[in-house]
Amino acid sequence: MESDFDELDRRLAHALQINGRAPFSTIAEVLGVSDRTIARRYARLRSAGALRVLGGVDPTALGAVLWFLRVRCAPTASVQVAEALARRPDTSWVSLTSGGTEITCTVRTESETDSETLLLAKLPRTPRVEGVTAHSVLHAFYGGPDSLVAKLGSLDEETIARLRPHPVPHRPGPVRLDDGDRKLLAALATDGRTELGRLAAVTGWSPTTVRRRMTELREYGVLYLDIDVDGSLFGLGPRTLLWLSVAPKHLEEAGAALAGHPEIAFAAATTGPTNLYASVVCANQRELYRYLTTRVATLPAVTHIETAPVIKTVKRAAKTRGPDPGETTVSPMWHRRR
């Protein structure tokens, strides 16, 4: 319930969205409270599953291909098929939509061969799957470190500037990960605020090496920090997925406009029967209607739109636990805007 949280909780969430590894002393100073208060608040929120910092990985920086899949199956089979997809290590955001007759999910494939195997062989042969529509992600307009919390937070520009970490230069790839990198990223995926000493113990590196490698992975675009947030902290309702067809000439304009909407958690250009996808979070159905008939209605050259309310999320990004991200999280971790 929204009443379970107060303004300091929301300001803390916004601060961690800006700089997930900022010392509690720094956050306390800019928010005007004590270090102990911030540490206690974060511990309480994290323990309740309401807020935590996580290390996100952009698979495309490692050469992977991202797909949105829409899997149609009989209602009696949808939960079973969704759970089977959720068990795959290459999936995230596995959700039931459209009254339970369709499953949507994100799949990461490491090569074109992997894509062909998944799309042409494995999924269509899954029992009781009636059809699969695949959309390859071409360009992300909003998502990843560009969290919805950045749009909803109440911190002013001066406070944001004091918290914002120093930008890192872009380092062109390709980048190869070794066992130490994988251990580092796995530890950060569980807790993005893991202390350097603990990360050193996990990787077998020195704290100096850990710090240097984290910086390098950020420069390559592989690593970013994200927050997992209880959506009710900001009064958010469940997610709705939008699939839009836009004239190619106006696709960039429409995608950029979507990215600026406060209701948009993620937006991307894709291949497939429709070419623009978005994840929308509104407080309720009335607000969703208002959004569709005002902001979406003014997008240029939209010729077709489908809305698919998410009724259950079986798997989230990089996690296998937790209920619907419309209720408990607002930032799909694996996406990174380019």
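Q: Why are Glu7 and Arg10 said to be separated by about one helical turn?
A: Glu7 and Arg10 both belong to helix H1 (residues 7-18) and are 3 residues apart, which means about one helical turn between them. The model is a predicted one.

Q: What makes the pairing of Glu7 with Arg10 a salt bridge?
A: The closest N and O atoms of Glu7 and Arg10 are 3.2 Å apart. A salt bridge requires a side-chain nitrogen of Lys or Arg within 4 Å of a carboxyl oxygen of Asp or Glu, so the pair Glu7 and Arg10 qualifies.

Q: Is Arg10 called buried or exposed, and how is Glu7 classed?
A: Arg10 has 18% relative accessibility and counts as buried, because the limit for that class is under 20%. Glu7, with a relative accessible area of 37%, is partly exposed, since exposed would require over 50%.

Q: How do you know that Arg41 forms a salt bridge with Asp9, and which parts of the chain does the pair link?
A: The closest N and O atoms of Arg41 and Asp9 are 2.9 Å apart, and the cut-off is 4 Å, so the term applies. This pair links distant parts of the chain, with Arg41 in helix H3 (residues 35-47) and Asp9 in helix H1, 32 residues apart. Asp9 has a relative accessible area of 1% and is therefore buried.

Q: What makes Asp90 buried and Arg88 partly exposed?
A: The relative accessible area of Asp90 is 16%, and Asp90 is therefore buried; that of Arg88 is 22%, which makes Arg88 partly exposed. The side chains of Asp90 and Arg88 meet in a salt bridge, at 2.9 Å from N to O.

Q: Why is Arg193 said to have no salt bridge?
A: The nearest side chain of opposite charge to Arg193 is Asp191, 6.1 Å away.

Q: Where does Arg193 lie, and what lies 2.8 Å from a polar atom of the side chain of Arg193?
A: Arg193 lies in the loop between helix H8 (179-190) and helix H9 (196-203). The backbone oxygen of Gly20 is 2.8 Å from a polar atom of the Arg193 side chain. Leaving aside residues up to four places away in sequence, Arg193 touches several residues, including Leu16, Phe24, Tyr42 and Val53.

Q: At what angle do H9 and helix H10 pack, and what term describes their arrangement?
A: H9 and helix H10 (residues 207-219) pack at an angle of about 95°, with axes 8 Å apart. That makes H9 roughly perpendicular to H10, because the term covers angles of 65 to 115 degrees. Leu196, Leu199, Ala200 and Thr203 in H9 meet Pro207, Val210, Arg211 and Met214 in H10.

Q: What makes Trp93 buried?
A: Trp93 has a relative accessible area of 7%, and is therefore buried, since the class requires under 20%. Trp93 lies in strand E3 (residues 91-97).

Key:
Residues are numbered from 1 along each chain as its sequence is written. This is a predicted model: local features need pLDDT of at least 70, side-chain atom pairs count only at pLDDT 80 or more; totals for chains, interfaces and linings use all residues. Side-chain values use heavy atoms; hydrogens and water are left out. Helices (H or I, at least four residues) and strands (E, at least two) are DSSP runs, numbered from the N terminus. Buried means under 20% relative accessible area, exposed over 50%, partly exposed in between (1.4 Å probe, protein chains only). Lys and Arg count as positive and Asp and Glu as negative; His and the chain ends are not counted. A polar contact is a pair of N or O atoms within 3.5 Å; within protein, one must be able to donate a hydrogen and the other to accept it, and residues adjacent in sequence count only if both atoms are side-chain atoms. Contact means heavy atoms within 4.5 Å. Axes are lines fitted to C-alpha atoms, for helices over the stretch in contact, and angles run from 0 to 180 degrees between N-to-C directions. Angles under 35 degrees count as roughly parallel, over 145 as roughly antiparallel, 65 to 115 as roughly perpendicular and the rest as oblique.
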